[in-house]
Amino acid sequence: ELKAKVAQKASGSHNTKRETKAQAKARAEKEAQDRAAKNAKAQADARAAQAKAAAAAGPWALEGEEAQELGIHLGISCDGCGQGPPLIGRAMKCRDCRDFDLCDDCFPLRLDAAREKIAAAAGMPGKGRHPAAHHFGARRAASVMTTEAVAAEKFAARQAAAAAKDKVVEANSTSSVVTQAGIEANESKAAGPESTRMAWRPSPRNAEFLPMAHGPPTVLRPA
């Protein structure tokens with residue numbers, strides 16, 4: 001009887017341990033699910049806060065988020081060199097003007113095509129610059145890119161622009177050659193009758209010794 005009680009007690013203890021392990025496993029799974037849900041909620045809240053901050057910031061890149069500045073700026077062109085749209089790389093927007101942007105290359109010099117035109121008309125070419133007192137801020141890119149991707153995109157854009165320029169030059173050159181050929185042909189055509197008349201004029205020396213016919217040749221027919 002004593003052995004039976006001991007065996008029963010041992011069996012009950014074993015069953016209790018098995019149930020505890022199952023409960024621990026279920027509790028661990030529930031805690032993992034709770035942590036995953038909490039992390040997902042935190043990430044969603046962070047994205048919402050970032051979107052709200054971006055909307056409040058307007059077109060500007062967020063402070064401390066330099067990676068947002070590099071990329072493709074849709075609908076934006078440089079008011080210094082005329083690049084774009086879209087503007088590739090970094091776009092610097094004037095905070096004091098309604099609509100004035102500069103690319104990476106023009107911003108250090110504060111190039112301003114409109115002011116340069118006025119300066120050139122006034123006899124001061126190269127003096128057209130955006131006011132030094134105006135403040136600039138970096139735009140937030142519509143499509144963020146890495147530095148390497150921006151460099152590759154700019155290189156491809158330069159290659160395409162050079163090819164388009166060469167095509168225009170070639171077309172203008174071909175047009176010029178055709179026009180010159182037409183002018184020469186017209187001149188030759190205009191000079192044709194005159195040259196024919198010159199061929200039938202007797203030289204002064206021969207005219208003294210030999211009678212020369214005047215005018216175009218006459219076709220002789222049998223009597």
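This is a predicted model: local features need pLDDT of at least 70, side-chain atom pairs count only at pLDDT 80 or more; totals for chains, interfaces and linings use all residues.
Good morning. I begin with a pair of cysteines: the sulfur of Cys97 lies 3.5 Å from the closest cysteine sulfur, which belongs to Cys94, and this is too far for a bond.

As a reminder, a disulfide is a covalent bond that joins the sulfur atoms of two cysteines. The cut-off applied here is 2.5 Å between the sulfur atoms. A search of the whole structure finds zero disulfides. Cys94 is accordingly in none, with the sulfur of Cys97 as its nearest cysteine sulfur. How exposed or buried are these two residues? Cys94 is buried, at a relative accessible area of 1%, while Cys97 is partly exposed, at 22%.

The largest nonpolar core comprises 12 residues, among them Cys94, Ala91, Met92, Phe100, Phe136 and Cys106. Strand E3, covering 92-94, and strand E5, covering 136-138, each contribute at least two residues to this core.

Let me take Cys106 next. Where does Cys106 lie? Its place is the loop between strand E4 (101-102) and helix H2 (113-121). Because its relative accessible area is 4%, Cys106 counts as buried. Beyond its sequence neighbours up to four places away, Cys106 touches Cys78, Gly80, Cys81 and Leu111. Cys78 stands 28 residues from Cys106 along the chain, yet their C-alpha atoms are separated by 8.0 Å.

Leaving out residues within four places in sequence, Ala91 is in contact with His73, Ile76, Leu102, Gly137, Ala138 and Arg139. His73, in turn, belongs to strand E1, residues 71-73. With a relative accessibility of 2%, His73 is counted as buried. Which residues does His73 touch, apart from those up to four places away in sequence? They are Pro86, Leu87, Gly89, Arg90, Ala91, Arg139, Arg140 and Ala141.

The largest pocket has a volume of about 250 Å³. Its lining includes Cys81, Pro86, Cys103, Asp105 and Lys154. Two of these names have come up already: Cys81 as a contact of Cys106, and Pro86 as a contact of His73. Which helix gives the most to the lining? That is helix H3, residues 147-199, with four residues. By class, the lining holds six nonpolar, two polar and three charged residues.

Thank you for your attention.

Terms used:
Residues are numbered from 1 along each chain as its sequence is written. Side-chain values use heavy atoms; hydrogens and water are left out. Buried means under 20% relative accessible area, exposed over 50%, partly exposed in between (1.4 Å probe, protein chains only). Contact means heavy atoms within 4.5 Å. On a 1 Å grid over the protein atoms alone, a cavity is a set of points where a 1.4 Å probe fits but cannot get out, and a pocket is an open set with protein on both sides within 12 Å along at least five of seven lines; lining residues have an atom within 4 Å of a point. Grid points are joined across faces, edges and corners, and a volume is the space filled by probe spheres set on the points. Ala, Val, Leu, Ile, Met, Phe, Trp, Tyr, Cys and Pro count as nonpolar, Asp, Glu, Lys and Arg as charged, and the others, Gly among them, as polar. A nonpolar core is a set of buried Ala, Val, Leu, Ile, Met, Phe, Trp, Tyr and Cys residues joined through side-chain atoms within 4.5 Å.
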